[in-house]
Amino acid sequence: MRLGIIAASLLIAVAAAAGHAQDADTIVVGITADLQNLDPHNFRHRETETVLRNIYDGLVTRGPDMQPVPELAESIVQIDETTWEFRLRRGVKFHDGTEMTARDVAFSINRYVKEGAMGGQTSPRKDLLGPVTHAEAVDDYTVRVYLSAPWSVFLPYLVHHMIVPASVGDGLVEHPIGTGPFRFVEWVRGSHVVLERFDDYYGGAPDLGRSGPAPAKRVIFRIIPENATRLAALMAGEIDIMANVPVHAIADIERHPDLELRPVMGTRSYFTEFNVRRPPFDDVRVRQALNYAIDVDLVIDQLLGGLGQPLPTILSPLSFGYNDELEPYPYDPERARQLLAEAGYPNGFEFELSVENKRRDVAEAYAFMLAQVGVTANIRVWGDYNTMVEAMRRGELDAIMTDWGDSTMDPTGIFIPKLRTGDRGNFGGYSNPAVDALIEFAESTTSLEARAEAYRYAQKLVYEDAPMLFEYITQELYAQRKSLSGWDPIPDSRINLHTAVKQ
Amino acid sequence: MNAAQILNRALQLIPVVLGVTLIVFALMHLTPGDPVEVMFAGESGVSEEDLERYRQELGLDLPLPIQYWNFLAGIVRGDLGMSLVQRQPVRDLLLSRMPATIELTAAAILISLIIAVPAGVLAAVHRHSAVDQVGTVGALLGVSMPDFWLGLVLIMLFGVRWGILPISGRIPWGMEPETVTGLYLVDSVLTGNWAAFRASLRHLALPALTLGTSMAALTMRVTRSGMLEVIHQDYITFARAKGLSGTEVVLRHGLRNALSPTVTVVALNIGVLLGGNMIVESVFAWPGLGRLVVESIYNRDYPVVQAAVLVYAMTYVTMNFLADVLYTVLNPRVRF
């Protein structure tokens with residue numbers, strides 16, 4: 001035993017012999033999950049986009065108000081309903097020193113939308129370009145993109161697409177080459193990705209007020225899945241930016257002299273879907289009653305550290321066509337009891353509330369509030385999201401607490417898959433022909449105003465139908481060391497480090 | 001054990017490994033949600049036809065027996081398939097994560113042995129003494145402390161409060177030694193890169209201590225029981241009667257015979273640890289096998305999970321086999 005203690009302390013003493021110094025030119029970001037791969041055409045994954053968007057630029061990016069602005073494009077003209085023309089910036093260089101031309105842009109878009117264009121496989125990002133059929137280079141600096149049908153949200157979706165060199169093609173899997181502010185150095189799986197400043201960077205989107213190469217010499221994204229460890233690494237100065245700060249860490253960060261909390265409106269809506277195919281949730285009065293019975297503000301305040309906003313439906317306030325005339329259901333237990341009585345449940349009823357472990361605390365709060373109006377919610381905790389959702393899709397569950405992310409800030413990203421009859425995210429079986437008709441109209445009209453109006457009206461219908469217990473949209477929480485400046489979190493979860501500086 | 005016996009034992013491994021792959025294959029495919037659905041879950045617009053096309057491209061629309069057959073046929077060719085999510089050869093993915101896990105396993109086993117064997121012997125020799133009591137309580141503590149808790153406490157103390165040890169990862173960027181084996185400690189010694197040696201030792205310290213502590217507890221108890229059994233044997237009494245010193249009797253005559261159960265426990269532990277410890281790897285952001293496999297299960301990345309389980313089964317069975325062989329070396333009376 002004594003020997004063991006001596007040996008163990010010896011090991012620690014040797015290991016502890018020198019402290020670690022952090023390079024001031026290097027910005028380190030702690031993220032939660034490893035990248036899926038390095039090919040910008042071959043992923044549907046948040047962390048992968050977070051990192052790759054520092055290597056690659058797109059034709060457009062998001063401006064300060066989240067609307068699309070030109071990035072590699074200089075100007076954008078819609079020639080007719082289904083043809084768009086992009087004039088490109090001149091003199092933009094890829095990381096291998098070659099100049100970016102219209103040929104590269106056309107190649108990139110075709111690699112997204114053509115079936116089997118990615119070494120025999122189809123890009124999983126194809127449907128993020130909807131009806132785009134192909135692109136072609138008109139001359140060295142002009143590209144035309146052709147659509148099979150009018151598509152009003154072409155530009156917001158184009159934000160998520162990156163331009164690669166035509167000469168490299170499938171070799172991107174191993175070594176990405178882009179036109180972005182940082183060039184790729186190495187990726188050690190499960191551990192980190194290293195990027196270095198690209199000295200010939202053209203400067204990015206003028207609308208973002210940026211210019212020239214990045215001030216930081218090097219950027220390292222480190223994969224640290226455990227929240228507590230990521231926080232410890234931030235406290236110890238191993239990382240400068242921490243993504244996905246858990247709510248329970250807020251107090252620690254606020255108290256820490258070197259750290260700063262950076263909240264930003266998120267893109268993920270939270271709600272409880274009712275199984276509307278069978279009693280009791282086939283009755284709209286019951287569904288409305290539950291919406292009145294829950295004090296969403298209290299939950300946000302007590303369980304989310306105040307970092308959330310109640311929603312009238314499931315659409316984000318930042319989304320295209322958001323109906324700001326709708327107010328979230330107020331907390332009104334009296335009204336809830338009354339509606340339940342009208343629906344034939346004067347003494348309430350009992351149902352099973354399915355939830356993933358991560359939101360169990362919220363489920364327990366809901367169960368308590370529902371008990372106040374006579375409704376008994378038996379909480380069932382699921383270990384796996386997909387298993388739970390499949391059971392709901394088959395109509396076996398009463399209600400599931402879930403969420404849906406929409407980084408496109410458009411109804412196509414959440415409203416259609418969740419609320420259209422039979423769509424792939426519509427787990428509860430909601431179906432309203434009027435809503436379906438409005439969606440169909442909105443997706444075929446070319447007038448943005450008419451489209452917005454159609455969605456505003458559809459939201460009103462959904463609000464009244466209450467196929468879900470509408471909850472909230474959370475804020476995304478980041479934290480940083482105060483020694484870092486020139487970086488702001490943005491809602492769509494990209495971490496753009498072009499202007500970040502460390503003292 | 002002669003060559004024929006060893007071959008016989010080795011051949012017995014094949015049905016075991018086959019059985020394991022079949023069970024895992026069945027379980028993975030019985031779990032709701034396929035990789036394509038998971039990939040697009042909770043995300044913006046994609047149609048059912050699109051999902052069906054991806055399934056076709058990935059070969060997921062084939063009947064299950066054919067998918068299983070393809071998997072087996074691949075193994076025979078030495079091809080473990082492509083990851084559905086990362087779209088990289090599974091072999092490369094597993095190989096890239098193995099060195100980290102092997103290094104952590106070796107360090108943890110070493111720490112556990114350094115603590116457990118002397119502690120177990122001392123506790124047995126001085127049975128019911130204060131040493132024994134401390135050892136017993138220590139073992140109970142070691143076994144009771146959950147790895148994630150101990151890991152985080154060590155991080156908070158050594159990493160944040162005192163700032164003397166790094167918190168996460170294997171080595172700072174730019175310090176990696178030239179790759180020979182992929183094990184940083186070994187490679188840095190081979191290339192004479194002492195800065196890298198120290199850096200990787202510093203990063204290894206906390207995760208290895210966390211993993212080693214819980215293992216030391218069990219190993220210590222087993223060593224103690226083994227030793228207790230042996231020191232009451234006639235030959236020990238005889239050795240003492242011959243007038244040999246206590247220490248000599250214990251170390252020369254007792255320990256070797258007492259170690260058999262310890263060897264089994266340690267070997268099986270190595271078998272388990274080589275699969276990667278998901279919890280310790282997550283807490284210390286250690287890029288090992290355990291995290292890859294758990295992430296792959298959540299992503300329904302069938303080929304990665306199947307291949308990893310195949311490797312697990314083979315490792316475990318092999319370690320068990322080696323333990324048996326080692327038994328006969330330590331104790332020639334044992335025959336199979």
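Analyst: Contact means heavy atoms within 4.5 Å. In chain A, residues 24 or more positions apart account for 69% of the contacts with a separation of 6 or more; in chain B, the corresponding share is 73%. This is a predicted model, in which local features need pLDDT of at least 70 and side-chain atom pairs count only at pLDDT 80 or more, while totals for chains, interfaces and linings use all residues. Residues are numbered from 1 along each chain as its sequence is written, chains are lettered from A and ligands numbered from 1 in the order in which they are written, and side-chain values use heavy atoms, with hydrogens and water left out.

User: How many helices and strands does chain A have?

Analyst: Helices (H or I, at least four residues) and strands (E, at least two) are DSSP runs, numbered from the N terminus. Chain A has 14 helices and 19 strands, whereas chain B has 15 helices and zero strands.

User: What radius of gyration does chain A have, and what would a compact globule have?

Analyst: The radius of gyration is taken over C-alpha atoms, and the globule rule is 2.2 Å times the number of residues to the power 0.38. For the 503 residues of chain A the rule gives a value near 23 Å, and the chain has 25 Å, which agrees. Its C-alpha trace spans about 80 × 75 × 40 Å along the principal axes; for chain B the spans are about 85 × 55 × 40 Å.

User: What share of each chain is buried?

Analyst: Buried means under 20% relative accessible area, exposed over 50%, and partly exposed in between (1.4 Å probe, protein chains only). Of the 503 residues of chain A, 61% count as buried; of the 336 residues in chain B, 49% do.

User: Is Leu339(A) buried or exposed?

Analyst: Leu339(A) has 3% relative accessibility and therefore counts as buried. It lies in helix 9 (residues 333–342) of chain A. Leaving aside neighbours within four places in sequence, Leu339(A) is in contact with Arg285(A), Gln288(A), Ala289(A) and Tyr292(A).

User: Why is strand 17 of chain A described as largely enclosed?

Analyst: Strand 17 (residues 468–481) of chain A has 13 of its 14 residues buried, so the rest of the structure largely encloses it.

User: Which strands pair with strand 17 of chain A?

Analyst: Two strands pair if DSSP finds at least two bridges between them. Strand 12 (residues 259–274) of chain A is joined to strand 17 by twelve bridges and runs antiparallel to it; here Glu260(A) stands opposite Gln480(A). Strand 11 (residues 241–242) of chain A also pairs with strand 17 in the antiparallel sense, over two bridges, and Ile241(A) has Gln480(A) as its bridge partner. Strand 13 (residues 308–310) of chain A is joined to strand 17 by three bridges, again antiparallel, with Gly308(A) partnered by Thr474(A).

User: How many residues lie between strand 4 and strand 5 of chain A in their hairpin?

Analyst: Two residues lie between strand 4 and strand 5 of chain A in the hairpin. Strand 4 (residues 73–80) and strand 5 (residues 83–88) pair in the antiparallel sense over six bridges, and Ser75(A) stands opposite Arg87(A). As a general idea, the side chains of a regular strand alternate between the two faces of the sheet.
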